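Hi everyone, thanks for coming. I'd like to walk you through one structure today, starting with its aromatic rings and ending with its strands. Let me put it up on the screen.

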Amino acid sequence: MVFIVNSAKSTKRQSNYINIYDAHHFRDFCYILYKYLNLYMPKYNDELVLICIGTDRATGDSLGPLIGYKLKDFNHSNIHIFGTLDKPVHAKNLIDTLAFIKLSYPNALTICIDACLGSAEHVGCISIGEGSIRPGAGVKKDLPAVGNLHIIGIVNISSQINMTVLQNTRLSLVMQMADLISSGIRHCANLYSYKKNL
């Protein structure tokens, strides 16, 4: 669960929402993500780090690790993926992971991917935007802000019992989001690489 911070845009324009039930959700996701890759990748030496945050111990919080799992065989020398089902990135190892990324890929563009609870009208939506997110804020964890860009999936309704809500989120919804985000990242990264090598 996350909180968006450090956005370069105003609150009304900081994120773009794609509803996974819309007919053109893949096209819309790729249009927005590809636009950001074209804008930011050249500024970061065409190197990308994806930080897929979450845990497989709570259904609603498994979005990041599922996406990392689906992308772990993605063979691009300039794309580095952290957070999978086998090796999740979560509250206990986030700070160490960020330190390793800073040391190993100091000039890379970072995209943070995480699940989020939100309003009823946004459940089932994926938000892509500029600025970092603060993982764990929805469950009262004090963790550092992460990412130059963010992709968040709104998996359920925010309430007074957020941890219980996360544990009782439908896996079907999380899997549909993971499928869209991972396939969209593959498509956009391949398209960007192809265009760069023309």
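So, how many aromatic pairs does the count come to? The count comes to three aromatic pairs, under a rule that takes rings of Phe, Tyr and Trp (its six-membered ring) with centres within 6.5 Å, and calls planes under 30 degrees apart stacked, over 60 edge-to-face and the rest tilted. Before I show them, please keep in mind that this is a predicted model, where local features need pLDDT of at least 70 and side-chain atom pairs count only at pLDDT 80 or more, while totals for chains, interfaces and linings use all residues. Residues are numbered from 1 along each chain as its sequence is written, and side-chain values use heavy atoms, with hydrogens and water left out.

Let's take tyrosine 36 and tyrosine 40. Their ring centres are 6.4 Å apart and their planes stand at 45 degrees, so this pair is tilted. Both tyrosines sit in helix H1, four residues apart, about one turn of the helix; helices here are DSSP runs of H or I with at least four residues, strands are runs of E with at least two, and both are numbered from the N terminus. Tyrosine 36 and tyrosine 40 are both buried, where buried means under 20% relative accessible area, exposed over 50%, and partly exposed in between, using a 1.4 Å probe and protein chains only.

Now a pair with another geometry. Phenylalanine 82 and tyrosine 105 are edge-to-face, at 6.3 Å centre to centre with 65 degrees between the planes. This pair links distant parts of the chain: phenylalanine 82 is in strand S4, and tyrosine 105 is in the loop between helix H3 (94-104) and S5, 23 residues apart. Phenylalanine 82 counts as buried because its relative accessibility is 15%. Together, Phe82, Phe100 and Tyr105 make one aromatic cluster.

Stay with H3 for a moment, as threonine 97 is found there. Is threonine 97 buried or exposed? Threonine 97 has 12% relative accessibility, so it counts as buried. Leaving out residues up to four places away in sequence, threonine 97 touches Phe82 and Val89, a contact being heavy atoms within 4.5 Å.

Next, the strands. S5 and S8 run parallel and are joined by eight bridges; two strands pair if DSSP finds at least two bridges between them. Alanine 115 has glycine 153 in S8 as its bridge partner. S6 pairs with S8 in the antiparallel sense over five bridges, and there serine 127 is partnered by isoleucine 152 in S8. S8 is mostly covered, with eight of its nine residues buried.

S3, H2 and S4 make a right-handed β-α-β unit; right-handed means that, with the strands pointing away from the viewer, the path from the first strand over the helix to the second runs clockwise.

One last stop, the loop between H1 and S3. Most residues other than glycine have a negative phi. Asparagine 45, in this loop, has a positive phi, near 55 degrees. Aspartate 46 is in the loop between H1 and S3 as well, and its phi is also positive, near 55 degrees. Asparagine 45 is exposed, with a relative accessible area of 55%, whereas aspartate 46 is buried, with 17%.
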